[in-house]
2 protein chains.
Amino acid sequence: MNIGEAAAASGLPAKTIRYYEDMGLVAPRRDANGYRSFGEGEIHRLAFLNRARGLGFSLEDCRALLGLYADDGRASEDVRRLAADHLARIDARIAELKAMRETVAGLVSACAGGDRPDCPILDDLATGPLCAHTGKPV
Amino acid sequence: MNIGEAAAASGLPAKTIRYYEDMGLVAPRRDANGYRSFGEGEIHRLAFLNRARGLGFSLEDCRALLGLYADDGRASEDVRRLAADHLARIDARIAELKAMRETVAGLVSACAGGDRPDCPILDDLATGPLCAHTGKPV
DNA sequence: CCTTGACCCTCCAGCTACTGGAAGCATCAT
DNA sequence: ATGATGCTTCCAGTAGCTGGAGGGTCAAGG
């Protein structure tokens, strides 16, 4: 299987597969002509990577997960901890984005739109959030 | 005001202020000794940037927002649209992260932890999600 | 045999938004 | 004079690709 077929089979772009090889995450053999040759095992690894990346694991996490996957003597606790840490980072990021979302949504709905220049969005960015009661910067 | 004071006044690291100057977002004068000299206007711009970045706007968005802020003839609709687009991107990102979160949370709670090697997290990554009824890949 | 088109290869550059560090002046307090 | 800051520039690195240049390979058709 050359890289094009591996890409189709794993769902990853060929460019990404080459990049993962540079990163040491896959190590396909080479044909006499220099073309990469992927076996079942490599395709499996690539699909594993595709799924792990799709769940937001970093490449370093993926490296660790592949290592644990290959290690028959692993403790599932190690995998669980890695995933739990990742979950915590996702939750933190969601919280951050939700806070932004609320503020931005408030600004968007406060702005009338239209041709006039007066805009609460710019006012807020220029002076910081204002107190709803006093109208002064918080 | 030199860069250290500007950093303290705006809340941005000095390094970041220099970077913003490279990007053309601020243009402080220079003293005879070559030091950057920030006036009230620059400090205001930097604080504006700090707040906009804190709401997740890209530097290009910030550039556009500063342009609109400086333009007395602006239409507030332009600002509103920019912010609304940003809001849509935030929402998309949150949805993406929530989907990841649900999957990862499911995997974490399915994994017993402990010393044994059997781990549903790795099983899922290796074969893709399985159907709850048939136990076969979806 | 030659060409055409679709593959494949390597290497380099660029993306976002900084951040760290080295080498070298300027300033200020002692 | 000296040592501690603080300022300057420039270079490199971060994560994870992605695009493109320049070139080799291979199978099919004329």
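Partly exposed, a term used throughout this tour, describes a residue whose relative accessible area lies between the buried range (under 20%) and the exposed range (over 50%), computed with a 1.4 Å probe on protein chains only. This is a predicted model in which local features need pLDDT of at least 70 and side-chain atom pairs count only at pLDDT 80 or more, whereas totals for chains, interfaces and linings use all residues. Residues are numbered from 1 along each chain as its sequence is written, chains are lettered from A and ligands numbered from 1 in the order in which they are written, and side-chain values use heavy atoms, with hydrogens and water left out.

**Stop 1: a charged group in helix α5 of chain A**

Select A:E77 and A:R80. They form a salt bridge whose closest N and O atoms are 3.3 Å apart; the term requires a side-chain nitrogen of Lys or Arg within 4 Å of a carboxyl oxygen of Asp or Glu. Because A:E77 and A:R80 are three residues apart in helix α5 of chain A, about one helical turn separates them. Helices here are DSSP runs (H or I, at least four residues), as are strands (E, at least two), and both are numbered from the N terminus. A:E77 is partly exposed at 23% relative accessible area, and A:R80 is also partly exposed, at 24%.

**Stop 2**

Select A:R63 and A:E60, whose closest N and O atoms lie 3.0 Å apart in a salt bridge. These two residues are three apart in helix α4 of chain A, so about one helical turn lies between them. A:R63 is partly exposed, with a relative accessible area of 33%.

Next, select A:E21 and A:R36, a salt bridge with its closest N and O atoms 2.4 Å apart. This pair links distant parts of the chain, 15 residues apart: A:E21 is in helix α2 (residues 14-22) and A:R36 in strand β2 (residues 36-37) of chain A. Are A:E21 and A:R36 buried or exposed? Both are buried. Over all chains, the count is 22 salt bridges.

**Stop 3: aromatic rings**

Four aromatic pairs are found over all chains. Rings of Phe, Tyr and Trp (its six-membered ring) pair if their centres lie within 6.5 Å; planes under 30 degrees apart count as stacked, over 60 as edge-to-face and the rest as tilted. Select A:F48 and A:Y69, a tilted pair with 5.2 Å between centres and 35 degrees between planes. A:F48 belongs to helix α3 (residues 40-54) and A:Y69 to helix α4 (residues 59-70) of chain A, 21 residues apart. A:F48 is buried, at 0% relative accessible area, whereas A:Y69 is partly exposed, at 30%.

**Stop 4: the interface of chains A and B**

Display both chains. In chain A, 51 residues are in contact (heavy atoms within 4.5 Å) with 51 residues of chain B. The two chains bury about 4300 Å² between them, 74% of it on carbon and sulfur atoms; buried area is the accessible area (1.4 Å probe) lost when two parts are put together, summed over both. Select A:L55, A:L122 and A:L125, which supply 15% of the area that chain A buries against chain B, more than any other three residues.

Finally, select B:R101 and A:D91. Their salt bridge has its closest N and O atoms 2.7 Å apart, and the count between chain A and chain B is two salt bridges.
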